[in-house]
Amino acid sequence: MKDGVISKQDFPQFLNHLKKNAKVFAPVVTNGEAGFKEWSEEDSVEFSYSNLKLSPKGLFFPQTETILSFDAGSVEEVPSHEEKMVVFGSRPCDSRALTFLDKIFSEENKGYNDPYYMNRRENAVMISLACSDPCRTCFCSSLGSGPADEAGSDIVCFDLGDKLYLKAVTEKGELTIKDAGKVLSPGDESVRKDAEKQTAEALESMNNLEADLPSVKKNMDDSFDDPVWDRLTRNCIGCGACTYLCPTCYCFDISDEERMYKGKRIRTWDSCQYASFTKHASGHNPRKNKKERLRQRFMHKLSYTVENQGEVFCVGCGRCITQCPVNIDIREIITTFAEK
Amino acid sequence: MSAEAKNPYIPYPVTIEDITIENDARDLKTFKLVFEKPEHKKAFSYLPGQFAEVSVLGMGESPFGIASSPTEEDYLLFTVKLTGTVTQELHNSEPGRKIGVRGPLGNTFPWDRMEGKNILIVSGGFAFTTLRSSIVYMLDKKNRDRFGKITALYGARSPGELMYKEALKEWQEDSGIDLTLTVDREPEVPWDGKVGLVPNVLRELKPSADNTLALVCGPPIMIRFTIPALQELGFTEENIILSLENRMKCGIGKCGRCNVGSKYVCIDGPVFTFAELEELPAEY
Amino acid sequence: MENTENWEPKIVAFLCNWCSYAGADLAGVSRLQYGPNVRIIRVPCSARINPQFVIKALQNGADGVLVSGCHPGDCHYISGNLVARRKFALTKKLLEYIGIEPERVQFSWVSASEGGRFAALMNRVIDDVKRVGPAKKLVKEL
Amino acid sequence: MDSKAVGNEIQKIAGELFRDDKIDVFIGFERATVPLKSRPCFIGKDEDGRIENLVWDSFCTNNLAAFLQKYFENEPNRRKKREKPYPRIGVSVKGCDTRSVVALVKERQVIRENVVLVGIPCQGMIDRRKVQEKVGTAEIVSHRETDDGTLEITTTDGKTRTFKKEEIMQSACIDCRYPMPEGTDFLLEGEAKEPGDGGYGQIEAFEKKPLEERWAYFEKEMSKCIRCNACRQACPTCWCKECFADHTDLKWIGVGNHISDAMIFQIIRVFHQAGRCVECDACYNACPMGIDLRFLTKKIVKDVDELFQYVPDFDVESTPPLATFSEQDKDTFITDPEKG
């Protein structure tokens, strides 16, 4: 079974079914804000968001996680994360972002496998919720993606008003739909058409940056010392909001927390926007000013990762645009270098 | 160890067997570490130029160039300058303390390219660590024939600041290497080495660039003035080999902070040719 | 550890070198009784106390924190404790405002000759903290 | 003067300042790329073409004083280390920005002679979050302000709605006691909004709540924190060269998002604002997670006023409250074992 349909009313049955074998995460409103939360029957799944404030990145790469613990000099490894997990309601852009993180954390990145992230990924099923109503700050379609992009998803779900259409896009997704055969009715031509139509309309409504990404990269590489960077970075206040909200930012710190010889080594999100990120113990700092740090952020996404991972590390979710306290807009950065 | 992939974040347990104070200022100490388990010792197979994360539980990890040579099979050496919390804790340690080592990490000096070549080593201050490793490695009986003439110039502020004093003495008597020592100013103690800054002494020594690779490690200011001197002597950009340092955490190309342009010092480096560095922004 | 009969609070006391620490010393020399729950940290002057010290102590699991210096007017450094008093007043109010029990963080003045006052103060603080139970807020379990 | 006229006036003054060689850079506001926002705008000496970007409207919320301090690096201790003279900066300021500049001047973080303050009688700024709350989940795509004090917004569904400015004004502005800048080098004509009463009634009401309820609220708010430091970076008077949270040699707090670390960071940050905070809500506006930081900053301002009769106003001469003391300061909070 490659696809299935379920009414919104019966949808909790589907989640309940999934819950038998896995932890189910879905967007739920807590404290007035929708965000991923472990779903239980009392929770009603939120469908009315365009983009969640925080992407599901943190489910695989938590902001703080223990990588080992120690007691009086002896090290104990953290048991590997083998728990099954289903994530429902990730936007396609956020799911696609995970495929980028995979390239960083998997063995294909110079032979080092990051067991914490990779184990969680391998044990998870991603059910993305295709976008019917993209935001004005969304620009996934300018980055070779779109409102129902399948990258990173196992199943893509379409919200068709009173019902949901689930379409498997990987073997894992197929198995999941097959396994839930009892609560799903099979998809038919009409829902498939509706889903296609919805996606086409959503795509139509999006603004396109019309930027040729390879030339953006080239122009950026050629303009490393260009004074344009002074102009583009002047109003940055140097917070890390953009990096922490970004679904593709993955930089981290490792530090020890200890009390009386007992403690743990933790990995935490870190931001290239902080001076301490690159400051040597000697006090020397290769990226001393915000200009260099912001340039690093954009060049990392639009040039370095293209070279190293073959991808522009931006999925066009627009979070950094809407949440930046001074409206530094990555779209402007892209178009600036597209035109150069 | 199991057959499955190793968790690259878990350090190997090691014991500090010996601690040597290297300089008069007493802020440089060399730690001799031995693995607790033979399989870890075996797994830790390295070549000069590489580094490792030295881990002090509760304080954290710091990357240091490996100062021992693979030919010194029973132990690892790290020379540590007192600067931050981890190094403070190490300096306060006594032999017998158990710590951790994660590695080996990074690339090596270009040993394939160095085969059959003359080798010039230029170093200043406490950046001499991986070059000590290289010299010991090349002078080993098994390896000496693989290289041509080996010339080394090593400088420090004063005689008391030169590291590895025992080894220096041995090398001065070794016909396999031509070692010159220099100090910045005329010292108050008896001194039969040179007096002068490394780049100046280098110009005076005029080592031949013919069929020669230059390995250069030192403080940024020394590097800045040594490179023109080498170029005057005829060394090409490809034949000048440098080792970079940047702030690191993971050491395995994931945490994202040690990059210089698109290159990560921990994975693509720390060893780069000057030609490679010329292509990169100066973010180091 | 729950609030059982056996539970004894951990109190961190920051005492200025010239008055309160000497007062504690006198209490000891005079064999005045006060609870064994106190870990004393000697500081040169109460003005050395950064509110961060107090909060850090709470994070690390102290059930109560006492800060004590010379009486106003008696500071060894003339006005250190007067500058400190402003910081303390704000700290006290802010911590109480966010919901930290006022019993947990206390400030006092004890002179070098007041051994009795020091012992009484300690017993008072220990009793206060015992009443509110083990600290949970701001505590970071490792 | 309507906002367009204010904008023109700012452009005129900035132009003249450049022409007369009085300044090297001007900091004002320009249109942002998203609705309900204007963003800080920097104009350098050779960028006179960009002067016409300068605007004034009800979205100029950032406190521009936050950008000044970094121009005066090495002040006051290592002034001689500088090779070139400090730049001269023109900046458009509201009441709150002006008071922050005064606080910075007092602490020798800004050299008053090097800044040209263009004061603007403040009519109060609009809180985009209040607007969004009224609109619900629909995305706002554009806004238009009229001179009679209404805001018209259009949402994705094509509907337009209008609001009276009073309904959607920032709480900081409603409460503001100092909307009219004083001591500025230029002061634009026009009326400022009626001064507010400070809004400390809210704080008094909170103080009266039961202890556990206060803690629960603090805990709920801080649980949202992602440690992005936007609050600190947006604040004009968070000027420490190295924040206590960034110390590595003496680790005050952990770097992760453990709630205890987030709480302590915020307590200390707010404490450091004693005598400095002008209640501009820059921190609250910058927070991507929408944490109510107002209830903390207003508390510290209220306590400083009550205990030490100090308000960070326009007076450059008064001594900051924690840099001084009075023998009359109250001892009421002191534990006296001899009393009950």
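The buried residues of helix 7 of chain B are covered by, among others, strand 7 (118–124), strand 8 (150–156), strand 9 (178–183), strand 10 (194–195) and helix 8 (220–232) of chain B. The model described here is predicted. Helix 7 of chain B spans residues 198–205, and its buried residues are Val198(B), Pro199(B), Val201(B) and Leu202(B). These residues cover an arc of only 165° around the axis, and therefore lie on the same side of helix 7 of chain B. Just after helix 7 of chain B comes Lys206(B), which adopts a positive phi of about 45°.

A pair of helices in chain C was examined next. Two packed helices are described by the angle between their axes and the distance between the axes. For helix 1 (residues 20–29) and helix 4 (residues 115–132) of chain C, the axes come within 7 Å and cross at roughly 90°. Because angles of 65 to 115 degrees count as roughly perpendicular, helix 1 of chain C and helix 4 of chain C are described as roughly perpendicular to each other. Helix 1 of chain C contributes Ser20(C), Gly23(C), Ala24(C), Leu26(C) and Ala27(C) to this contact, where they meet Gly115(C), Arg117(C), Phe118(C) and Ala119(C) of helix 4 of chain C. By class, the residues of the contact between helix 1 and helix 4 of chain C comprise 5 nonpolar, 3 polar and 1 charged.

Chain C also touches chain D, in a contact that takes 34 residues from chain C and 32 residues from chain D. On the side of chain C that touches chain D, the elements giving two or more residues are helix 2 (51–59), helix 3 (80–97), strand 4 (105–109) and helix 4 of chain C. Helix 3 of chain C supplies the largest share of this side, with 13 residues. The side of chain C that touches chain D consists of 16 nonpolar, 7 polar and 11 charged residues.

How values were computed
Residues numbered from 1 in each chain as written. Chains lettered and ligands numbered in written order. Predicted model: local features only at pLDDT ≥ 70, side-chain atom pairs only at ≥ 80, totals over all residues. Axes fitted to C-alpha atoms, helices over the stretch in contact; angles between N-to-C directions. Helix = DSSP H or I, 4+ residues; strand = E, 2+ residues; numbered from the N terminus. Parallel < 35°, antiparallel > 145°, perpendicular 65-115°, else oblique. Contact = placed C-beta atoms within 7 Å. Nonpolar A, V, L, I, M, F, W, Y, C, P; charged D, E, K, R; others polar. Buried ≥ 20, exposed ≤ 12 C-beta atoms within 10 Å, placed from the backbone. Arc of directions from axis to C-beta.
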